[in-house]
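Here is a short report on one protein chain. Keep the sequence and the 3D view open as you read.

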Amino acid sequence: MTEAQHEPFFEMRGINKYYQMGEESVHVLRDVALTIREGEYLSVLGPSGSGKSTLMNIIGCLDVATSGSYILHGTPIEELNDTELAHLRSREIGFIFQNSQLLPRLTALKNVELPLIYAGVTPRERRRRAQELLERVGLGDRMNHLPNQLSGGQQQRVAIARALVGNPSILLADEPTGALDQKTGRQVMSLFQELNGEGRTIIMITHDMHIAAYAHRVVHIIDGVLTEGGQTDDA
């Protein structure tokens, strides 16, 4: 076995995060340890103020830990500068947020193409890949619609297609059903299950235990401390 094969796909060890609030130092994450296998579907479950958003930002390379080790696909994140972090983030992580964050003046197709423009992909290839993914999420007949012409669930599916278009290693979803009704939320979760069944690695941040249960593994975060929650049955 080669050295690269010994490296973990995703590993955090001893992750601490402090924020300075005036003269007070606030300890937001406390010695977080987390290992994820490729193709895993993980939920991070915690209430508001638990540290889950801070953890998401560090996982997504939007922020860095105060101390500890984070290795993603063999790359020690703490050794990267801002430019290198941005490059790794665009290559390895597809973000899905509570609100789809689509650009209102762009069609569904153009919204999905957007990350590929920044990546320097040719217009013809951008269009092909975006069309393929919109078909994949069931929006082949809505490609030329603006966001305000789509339902909330359709907008979130556009956002999922946009997150997938760069073929990232990890889909990182932050409260992905928080702005949706229950029926539409279940449809989005069903799509996540399909994507994971195809081998996609998914990390979902949520405060909702019912949504967390769609994942195959749940970890809990309270007051910055992460604990293993075990395996779950499919919802």
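The protein chain has 8 helices and 10 strands. Helices (H or I, at least four residues) and strands (E, at least two) are DSSP runs, numbered from the N terminus. The model is predicted, so local features need pLDDT of at least 70 and side-chain atom pairs count only at pLDDT 80 or more, while totals for chains, interfaces and linings use all residues. Residues are numbered from 1 along each chain as its sequence is written, and side-chain values use heavy atoms, with hydrogens and water left out.

**The whole chain**

The C-alpha atoms fill a box of roughly 50 × 45 × 40 Å, taken along the principal axes. The radius of gyration is 18 Å, which agrees with the value near 18 Å for a compact globule of 235 residues. That radius is taken over C-alpha atoms, and the globule rule is 2.2 Å times the number of residues to the power 0.38.

Buried residues make up 46% of the 235 residues. Buried means under 20% relative accessible area, exposed means over 50%, and partly exposed lies in between (1.4 Å probe, protein chains only). The chain exposes about 12,000 Å², and carbon and sulfur atoms supply 48% of it. These areas come from the Shrake-Rupley method with a 1.4 Å probe; for residues, only the protein chains shown count as cover.

Now take contacts, meaning heavy atoms within 4.5 Å. Among contacts with a separation of 6 or more, 68% join residues 24 or more positions apart.

Strands of a sheet pair through backbone hydrogen bonds, either parallel or antiparallel. Here, two strands pair if DSSP finds at least two bridges between them. β1 (residues 10-21) and β4 (residues 67-72) are joined by 5 bridges in the antiparallel sense. N16 stands opposite S67 in β4.

Of the 8 residues of α2, 6 are buried, so the helix is largely enclosed by the rest of the structure. The buried ones are K52, T54, L55, M56, I58 and I59. Just after α2, C61 takes a positive phi of about 60°.

**K17, a lysine in β1**

Is K17 buried or exposed? K17 lies in strand β1 and counts as buried, at 8% relative accessibility. Its side chain reaches the backbone oxygen of V64 at 2.8 Å.

**A covered strand, β8**

All of β8 (residues 201-206) is buried: 6 of its 6 residues. T201, I203 and I205 point one way, and I202, M204 and T206 point the other way.

| Strand | Bridges to β8 | Sense |
|---|---|---|
| β3 (residues 41-45) | 5 bridges | parallel |
| β7 (residues 170-174) | 5 bridges | parallel |

I205 in β8 has V44 opposite, and D174 also stands opposite I205.

P147 is in the loop between α5 (123-136) and α6 (152-164). P147 is buried, with a relative accessible area of 7%. Not counting residues up to four places away in sequence, P147 touches L102, L103, P104, L106, N111 and Q155. The C-alpha atoms of P147 and Q101 are separated by 9.6 Å, though the two are 46 residues apart along the chain.

Q101 lies in the loop between β6 (93-96) and α4 (108-118). Its phi is near 55°, a positive value in a residue other than glycine. D223 is not a glycine either, and has a positive phi of about 50°. D223 is found in the loop between β9 (217-222) and β10 (225-231). At 57% relative accessibility, D223 counts as exposed.

Technical notes:
Polar contact = N/O pair within 3.5 Å; in protein donor to acceptor, adjacent residues only side chain to side chain.
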